[in-house]
Amino acid sequence: MNTPHPTIRQLVRENIRSLKPYSSARDEFSGKALVWLDANENPYAEQLELVVRDPATGREVEVFDTGELNRYPDPYHQDLRKKIATLKGVRPEQIFLGNGSDEVLDLLFRTFCEPGRDEVILQPPTYGMYKVLADIHGVAVKEVPLDRHFQPDLFALFEAAGEHTRMIFFCSPNNPTGNTVDRERVEEVLRHFDGLVIVDEAYIDFAPEKSLLPLIDRYERLVVLQTFSKARGLAGIRLGMAFGNPEIFRWLNAVKLPYNLNRLTLALAALRYDIRENREKIDAILRERELLTSFLEALPYVKKVWPSEANFVLACFDKPEEVYRYLLDQGIVVRLRPHIPGCGTAIRITVGTEEENRMLREALKKLETP
Ligand code: PMP
């Protein structure tokens with residue numbers, strides 16, 4: 001017999017369900033006022049004009065006004081959510097913004113997992129923060145490894161999912177393997193799993209595959225994560241986006257710190273929110289990725305290079321630690337990734353600029369037999 005799926009409210013951690021959230025000054029009044037004397041701010045305006053220059057030519061592209069930095073920012077980021085909603089074809093209430101997608105991930109654990117009781121399912125090898133967050137929050141991890149094509153093992157996922165499994169994480173394209181996840185398998189989980197399904201699409205703008213974003217209208221327990229840190233090139237401003245059911249986000253809003261995004265981040269993101277202006281840079285990264293992949297494949301001491309749909313390449317080396325240390329000596333930092341099936345420790349290389357990649361290739365060419 002089919003039992004109905006739990007409601008979002010039933011999935012929320014018990015003490016959060018009964019939480020009386022902090023009510024900030026901007027919660028209590030956010031309209032227009034002549035005089036703001038409610039938030040203990042400094043009344044003397046602190047406003048900066050930032051000059052945006054084209055890094056290539058040094059030419060001034062834009063003068064950018066930061067707004068009143070002596071005032072707290074909008075706790076619910078309404079203007080920016082409206083802009084992103086238009087760009088993405090969703091409603092503003094289907095968007096939640098965090099201090100990087102890492103903050104959104106942290107909030108999901110804090111809001112939906114009872115420490116010491118609940119558990120999540122991770123599919124290694126994958127992004128390391130999921131497990132770190134689970135450990136921080138006292139949430140058990142069930143690991144259901146990806147299959148040999150780095151695709152979800154549906155049978156094992158359904159075997160592992162139990163009464164207290166609150167979230168299953170998919171990462172697509174997956175960090176560190178670089179492949180996108182089969183959409184049909186995610187949908188199968190969305191149809192049958194009782195908890196939240198988190199699809200982390202940090203690298204989706206590098207992939208030919210389409211985002212699962214349109215599915216948020218069909219599945220109320222789906223959360224899609226994207227970020228300004230990768231294709232948009234703004235890791236420094238810390239801005240992550242979650243798309244999904246507004247009810248999930250009402251709970252996250254109750255749990256998050258009142259002013260989680262600062263005014264500079266909000267203003268800079270609004271200025272740079274249109275992905276199209278970044279297309280040239282993404283295309284350059286994709287060209288360089290192909291060049292790097294074929295170069296690595298031809299190296300005698302490289303055993304395997306996995307095809308990538310992200311802005312990095314994972315490769316299996318004969319002696320990865322030695323290669324890693326050698327590259328460090330040359331001033332080039334890559335990342336060792338342990339526990340890769342069929343390889344052990346592999347090396348993940350982020351695709352850099354043409355010049356940076358050339359330097360990497362030159363260094364690796366000199367390393368004949370490590
Ligand atoms: N998800 C994945 C898969 C990542 O690789 C990363 C960062 N490396 C993040 C999320 C975190 O991104 P953000 O900068 O938005 O916190």
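## Questions on a predicted model

Colleague: How far apart are the closest N and O atoms in the salt bridge that Arg 185 forms with Asp 147?

Modeller: Side chains of opposite charge can pair when their charged atoms come close. A salt bridge requires a side-chain nitrogen of Lys or Arg within 4 Å of a carboxyl oxygen of Asp or Glu. For Arg 185 and Asp 147, the closest N and O atoms are separated by 3.3 Å.

Colleague: How many residues apart in sequence are the parts that this pair, Arg 185 and Asp 147, ties together?

Modeller: Helices (H or I, at least four residues) and strands (E, at least two) are DSSP runs numbered from the N terminus. Arg 185 lies in helix α8 (residues 183–192), while Asp 147 is in the loop between β5 (140–143) and α7 (154–160). The pair therefore ties together parts whose separation in sequence is 38 residues.

Colleague: What kind of model is this?

Modeller: Residues are numbered from 1 along each chain as its sequence is written, and side-chain values use heavy atoms, with hydrogens and water left out. Local features need pLDDT of at least 70, side-chain atom pairs count only at pLDDT 80 or more, and totals for chains, interfaces and linings use all residues, because the model is predicted.

Colleague: Is α5 parallel or oblique to α6?

Modeller: Two packed helices are described by the angle between their axes and the distance between the axes. Axes are lines fitted to C-alpha atoms, for helices over the stretch in contact, with angles from 0 to 180 degrees between N-to-C directions; under 35 degrees is roughly parallel, over 145 roughly antiparallel, 65 to 115 roughly perpendicular and the rest oblique. Helix α5 (residues 101–112) and helix α6 (residues 129–136) pack at about 40°, with axes 10 Å apart. That angle makes the relation of α5 to α6 oblique.

Colleague: Why do the buried residues of α12 lie on the same side of α12?

Modeller: In helix α12 (residues 320–329), the buried residues are Pro 320, Val 323, Tyr 326 and Leu 327. The arc is taken from the directions from the helix axis to the C-beta atoms. These residues lie on the same side of α12 because their arc around the axis is only 125°.

Colleague: Which residues is Gly 100 in contact with, leaving aside its neighbours within four places in sequence?

Modeller: Gly 100 sits in the loop between β3 (95–98) and α5 and is buried, with 0% relative accessibility. Its C-alpha is 6.7 Å from that of Thr 227, although the two are 127 residues apart in sequence. Contact means heavy atoms within 4.5 Å. Beyond those sequence neighbours, Gly 100 is in contact with Arg 238, Leu 239 and Gly 240.

Definitions and conventions. Buried < 20%, exposed > 50% of the residue type's maximum accessible area, 1.4 Å probe, protein only.
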